[in-house]
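Please examine the sequence and the three-dimensional structure shown here. The paragraphs that follow lead through some of the side chains and one of the helices.

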Amino acid sequence: MATPISRSRIGGSKKYLLYFANHHTEFRTSELVALAEMFGIEPPLKDLELLDQECPFFIQQFSSEAEAKMLANRSVLIKFVVELWGHGNTYEDLIESLRNSHDSVVPYLSDKASFKIVVDGFNKSLPQKYKIETIERLTERALPFTGKIDLKKPDHLYYLLEDYGKQKKNAESLPQHVYFGRWVADGNRNEIQNQRINKRSFIGNTSMESSLSLLMANLSKVQKNMLVIDPFVGTGSILVPCAYHHAYVMGTDINYLLLHAKAKPSRSKQKTRSPDESIRNNLAQYGLEAYYCDIMVADASRHSMWRTSEIFDAIITDPPYGIREGAKKVGKEEELVLLTPDQRVDHIPQKVDYDLSNIFNDLLNFAYKFLRTGGRLTYWFPVHRAAYKEENIPHHPCMKLVSNCEQVLNIRISRRLITMQKVQPYREDQNLASQTHVDHYLNASFREMYFKVTENPQKSLKSEGNSQHIKKPP
Ligand SMILES: C[S@@+](CC[C@H](N)C(=O)[O-])C[C@H]1O[C@@H](n2cnc3c(N)ncnc32)[C@H](O)[C@@H]1O
């Protein structure tokens, strides 16, 4: 991994504009920081505080164009990055700013290079006539390009971006801010389409959508040759982006029928599952079978099945919250009766309910034992929004909380995407264990809370707003 770039090098750097997609806005900062760290780019954290969920534009300095490209190419939340030549609250400000960017602009004015300018408005669709007139005015006053216009395969692509903010708009509304820059790189959003779960043969009711699985892999900084496990693997949707980043993947799940493609199909028109539905074949569909290690029918709460060594580089998972499927673990309500060797052959162990606090304690303890020091654990943690407090997040003395972002599921329930980093190696002689204190897990089942109808949803929505990360409920 590259070493972080010092602040003095940042001083000589150029400005770039990151244009974010207007989707999963609450995860922007976490993804940006994780990727910057992964590529050894020092994120200027002071500026990151300005990264706003409402505004898709963010100006960032990089010491080289290569850094901006690396970051964009891996991000699933960035649409594209431009080298910022100028910006301002009005077109007059923009023109002034472009005139001051002489060093950036001049190398691109040559008559040998063809070009194209794209105009895009955030929060307002712009008529074609307006776009053409605006380009003409701007090039006349501040950008004397001499090359040919080529709309299909230009040598250089430029963006003129107008931000109309969240204000109420009419045809006469003016942009609140305008940016102009040279395209540098696209984000990795095409991969969201390529990995869409409805194109996959083996899926289930709780398969994770591709944008979130890709995001989880980014938060855990998954890279080539890593070993990644999903202990609640289900149909393996989280493993796909990890294998796509050339990590080796494996998983466990307690559901024998699901893993053997014998469970009820989740597609409404499908009567029975096809025997070739499997996680291995899902990876093969993307040419990623080489990264498949194995999937085991196993109970994630039983850590003693693993030899104690810190073998995993990342643990990424979506544990059961008892909404669509009940959370279970192997166990017996009554006294354990020892089985004879013959009885054990096709014995299916009994299961008992697996309460939510224990699921998360077991997960953190698993990470403490089997994750390499410095490795990351990324998981979803469901909460009742009104009752949620930061102290609810599971904690373990050797797992440092790195990021915590909320995704609202309905007006009462949200799930938080938690990323933790293991900061100390496992020591057998130390009795260190995870703790999870969530009062609202105790009395009602999460399923009941999820489906409960509130008398006045508007009122409860207002009183439940508890984080700057909250997005509007569906
Ligand atoms: C939310 S789903 C995960 C879905 C998965 N991300 C996917 O892409 O299909 C949770 C999974 O945990 C499994 N599970 C429940 N209890 C378990 C346990 N004790 N050990 C291992 N897996 C368990 C369930 O069978 C279910 O497949």
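In this predicted model, R415 lies over the face of W380, at 4.1 Å from the ring centre.

F360 belongs to helix 14 (residues 356-370) and Y379 to strand 13 (residues 371-384), so the pair links distant parts of the chain, 19 residues apart. Both F360 and Y379 are buried.

Helix 14 also contributes Y368, which pairs with Y426 in the loop between strand 15 (413-422) and helix 15 (446-451). These two residues are 58 residues apart, and their pair again links distant parts of the chain. The arrangement of Y368 and Y426 is edge-to-face, with 5.0 Å from centre to centre and 70 degrees between the planes. Is Y368 buried or exposed? Its relative accessible area is 2%, and because buried means under 20%, Y368 counts as buried.

Aromatic residues can also form a group: Y19, F57, F80, F122, Y159 and Y179 make up one aromatic cluster.

Finally, the reader may turn to helix 9, which spans residues 210-219 and is mostly covered. Of its 10 residues, 10 are buried, among them S210, L212, M216 and L219. After helix 9 comes K221, which has a positive phi, near 55 degrees.

Definitions and conventions. Residues numbered from 1 in each chain as written. Predicted model: local features only at pLDDT ≥ 70, side-chain atom pairs only at ≥ 80, totals over all residues. Heavy atoms only, no water. Buried < 20%, exposed > 50% of the residue type's maximum accessible area, 1.4 Å probe, protein only. Helix = DSSP H or I, 4+ residues; strand = E, 2+ residues; numbered from the N terminus. Phe/Tyr/Trp six-rings, centres within 6.5 Å; stacked < 30°, edge-to-face > 60°. Lys NZ or Arg CZ within 6 Å of the ring centre and 35° of its normal.
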